Amino acid sequence: MSDDAVSPEEVRHVAELARIDLAEDEVEAFTGQFGEILAAFETLDEVPEVDREADLANVMRPDESRDPLERERALENAPETEEGYFKGPNVS
């Protein structure tokens with residue numbers, strides 16, 4: 001991709017759409033950066049497609065119903081509890 005792939009006018013247009021005010025030196029910097037980004041996307045277009053299996057299988061186990069964990073057992077490793085609940089730091 002050539003360095004002229006993105007013009008300063010296009011950068012200004014994108015900045016306007018994003019409601020970003022750019023100084024002239026920023027426009028020049030982004031012009032080069034946008035060109036590099038577009039070149040990277042062109043490189044991705046060159047990656048060959050890979051054959052893959054059409055059928056996908058679910059590897060998740062089915063849900064199983066079981067008894068809930070007892071409160072005392074759930075709280076036994078908690079650093080701090082209060083009135084049968086986990087106690088965490090105050091959030092303001």
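Predicted model: local features only at pLDDT ≥ 70, side-chain atom pairs only at ≥ 80, totals over all residues.
**Overall build**

- The chain contains three helices and two strands, and when the elements are read from the N terminus onward they follow the order α-α-α-β-β.
- The radius of gyration of the chain is 28 Å, whereas a compact globule of 92 residues would have one near 12 Å.
- When the C-alpha trace is laid along its principal axes, the chain spans about 70 × 50 × 20 Å.
- Of the contacts in the chain between residues that are at least 6 apart in sequence, 26% join residues that are at least 24 apart.

**Surface and charge**

- Of the 92 residues in the chain, 9% are buried.
- The accessible surface of the chain amounts to about 9100 Å², and carbon and sulfur atoms account for 50% of that surface.
- The chain carries 8 positive and 27 negative side chains, and a distance of 16 Å separates the centres of these two sets.

- Thr31 belongs to helix 2, which covers residues 24–45, and Thr31 counts as buried because its relative accessibility of 9% is under the 20% cut-off.
- A polar atom in the side chain of Thr31 lies 2.6 Å from the backbone oxygen of Val27.
- When the neighbours within four places in sequence are left aside, the residues in contact with Thr31 are Val6, Ser7, Pro8 and Val11.
- Glu9 lies in helix 1, and Glu9 counts as exposed because its relative accessibility of 53% is over the 50% cut-off.
- Although Glu9 and Val27 stand 18 residues apart along the chain, a distance of 8.7 Å separates their C-alpha atoms.

- Leu38, the residue of the opening question, is found in helix 2.
- Ala54 sits in the loop between helix 2 and helix 3, the latter covering residues 71–75, and with a relative accessibility of 70% Ala54 counts as exposed.
- Leu38 and Ala54 are 16 residues apart in sequence, and in space their C-alpha atoms are 31 Å apart.
- Ala54 and Glu36 are 18 residues apart along the chain, and their C-alpha atoms are separated by 35 Å.

- Arg19 is not a glycine, yet its phi is positive, with a value near 55°.
- The place of Arg19 is in the loop between helix 1, which covers residues 8–17, and helix 2, and Arg19 is exposed because its relative accessible area of 78% is over the 50% cut-off.
- Glu83 likewise has a positive phi, of about 55°, although Glu83 is not a glycine.
- The loop that holds Glu83 runs between strand 1, at residues 81–82, and strand 2, at residues 85–86, and Glu83 counts as exposed with a relative accessibility of 72%.

Methods. Residues numbered from 1 in each chain as written. Heavy atoms only, no water. Helix = DSSP H or I, 4+ residues; strand = E, 2+ residues; numbered from the N terminus. Rg over C-alpha atoms; globule rule 2.2 N^0.38 Å. Buried < 20%, exposed > 50% of the residue type's maximum accessible area, 1.4 Å probe, protein only. Contact = heavy atoms within 4.5 Å. Areas by Shrake-Rupley, 256 points an atom, 1.4 Å probe, with all protein chains shown as cover. Lys, Arg positive; Asp, Glu negative; His and termini not counted. Charge placed at Lys NZ, Arg CZ, Asp CG, Glu CD. Polar contact = N/O pair within 3.5 Å; in protein donor to acceptor, adjacent residues only side chain to side chain.
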